[in-house]
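Visitor: Hi, could you walk me through this one? I'd like to start with the packing and move on from there.

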Amino acid sequence: MRRRIENPKILLLDSPLEYKKGESQTNVEITDENDWNTMLKMEEEYVENLCMEIIAFKPDIVITEKGVSDLAQHFLAKANITAFRRLRKTDNNRIARATGATIVSRTDEIQESDLGTKCGLFEMRKIGDDWFAYLDKCEDPKACTIVLRGGSKDVLNEIERNLQDAMQVVRNVVYNPKLLPGGGATEMAVAMSLRRRGQKEIQGVQQGPFMAVGDAMEVIPRTLASNCGVSVIRAVTALRAKHAAAAENEQCWWGINGDTGDLVSMEELGIWEPFSVKVQTIKTAIESACMILRIDDIVSGSKKK
């Protein structure tokens with residue numbers, strides 16, 4: 001088995017490279033020793049024919065989702081072909097997208113166009129106590145794999161969750177390429193705009209929702225200041241003054257530094273949040289508040305004594 005192949009030709013299979021077993025329990029009675037040898041020879045010829053159909057296309061690597069018998073490994077090794085077995089369906093699809101190969105269900109249906117030729121380097125690498133197969137330098141790959149390692153299972157799970165969150169952030173930005181400043185700057189700007197409109201354009205009782213939502217928006221900068229250990233009242237008041245000093249149509253990037261608690265420009269600090277996530281968060285909060293306000297009574301399931 002070769003452990004390093006440059007520009008390999010990869011064949012992906014969805015069929016076993018071993019003698020086909022019966023669908024149900026099968027009993028065979030043999031009365032002659034020659035019949036037993038004949039049956040074994042038939043099995044060997046069947047596996048050999050499968051391997052010859054593969055060898056005819058001269059692939060460097062054969063990967064199948066099913067099993068590979070020892071006899072099949074022998075024939076493939078003689079042809080200098082590396083074989084992998086028991087690959088998951090999802091991983092096989094990912095390799096197909098990365099190398100340009102087509103998954104074949106029968107060996108007699110293999111075509112030259114089914115072979116993947118977009119992989120630049122195949123290499124077996126040992127990381128820790130385990131061996132990993134790497135398909136590197138692929139031409140225009142449509143899939144990839146990230147190997148995560150950690151000192152314990154809990155650490156590894158935490159790394160995986162963080163990576164998943166980061167990938168979802170990138171996905172949201174790609175689908176909706178808009179960003180908003182973080183550090184509570186967006187929430188404070190929305191709060192100030194709602195207060196201005198409630199005080200200038202709305203009269204009477206209808207001002208209440210605008211002022212209430214404006215107060216609720218300040219929870220984020222207040223929480224950031226509290227987590228930093230600084231004076232919450234002073235930090236939020238100073239931030240509110242910064243946004244109030246800005247003109248009505250002027251952008252204000254000031255927010256709270258999550259490490260020091262100081263007021264800094266989020267544009268200079270480089271803290272941004274996806275627009276789609278922020279909008280969905282505000283929508284969910286408003287809808288939850290409306291749902292609670294619609295509840296005008298509570299039905300108790302306990303019996304009165």
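Guide: Happy to. Contact here means heavy atoms within 4.5 Å. This is a predicted model, where local features need pLDDT of at least 70, side-chain atom pairs count only at pLDDT 80 or more, and totals for chains, interfaces and linings use all residues. Residues are numbered from 1 along each chain as its sequence is written, and side-chain values use heavy atoms, with hydrogens and water left out.

Visitor: Good. Which residues is Leu11 in contact with, leaving aside its neighbours within four places in sequence?

Guide: Those are Ile54, Pro59, Ile61, Val62, Ile63, Val104, Ile110 and Leu115.

Visitor: And which residues touch the most other members in the largest nonpolar core?

Guide: Leu11, Leu13, Leu17, Ile54 and Val62, out of 15 residues in that core. Strand S2 (10-13), helix H1 (33-55) and helix H2 (70-78) each supply at least two of its residues. Apart from it lies another core of 13 residues, including Ile63, Ala96, Cys119 and Met124.

Visitor: What counts as a core, and as a helix or strand?

Guide: A nonpolar core is a set of buried Ala, Val, Leu, Ile, Met, Phe, Trp, Tyr and Cys residues joined through side-chain atoms within 4.5 Å. Buried is under 20% relative accessible area, exposed is over 50%, and partly exposed is in between (1.4 Å probe, protein chains only). Helices (H or I, at least four residues) and strands (E, at least two) are DSSP runs, numbered from the N terminus.

Visitor: Is Ser69 buried or exposed?

Guide: Buried, because its relative accessible area is 16%. Ser69 is in the loop between strand S3 (61-64) and H2. Not counting residues up to four places away in sequence, Ser69 touches Leu17, Glu18 and Val47.

Visitor: Switching to charges: how many salt bridges are there?

Guide: The count comes to 22, with a salt bridge being a side-chain nitrogen of Lys or Arg within 4 Å of a carboxyl oxygen of Asp or Glu. One of them joins the side chains of Asp60 and Arg2, at 3.1 Å from N to O.

Visitor: Where do those two sit?

Guide: Asp60 is in the loop between H1 and S3 and Arg2 in the segment before strand S1 (4-6), so the pair ties together parts that are 58 residues apart in sequence. Asp60 is buried at 18% relative accessible area, whereas Arg2 is partly exposed at 26%.

Visitor: Which residue does Glu123 pair with?

Guide: Glu123 forms a salt bridge with Arg4, their closest N and O atoms being 3.6 Å apart. Glu123 lies in strand S6 (residues 121-127) and Arg4 in strand S1, so this pair ties together parts 119 residues apart in sequence.
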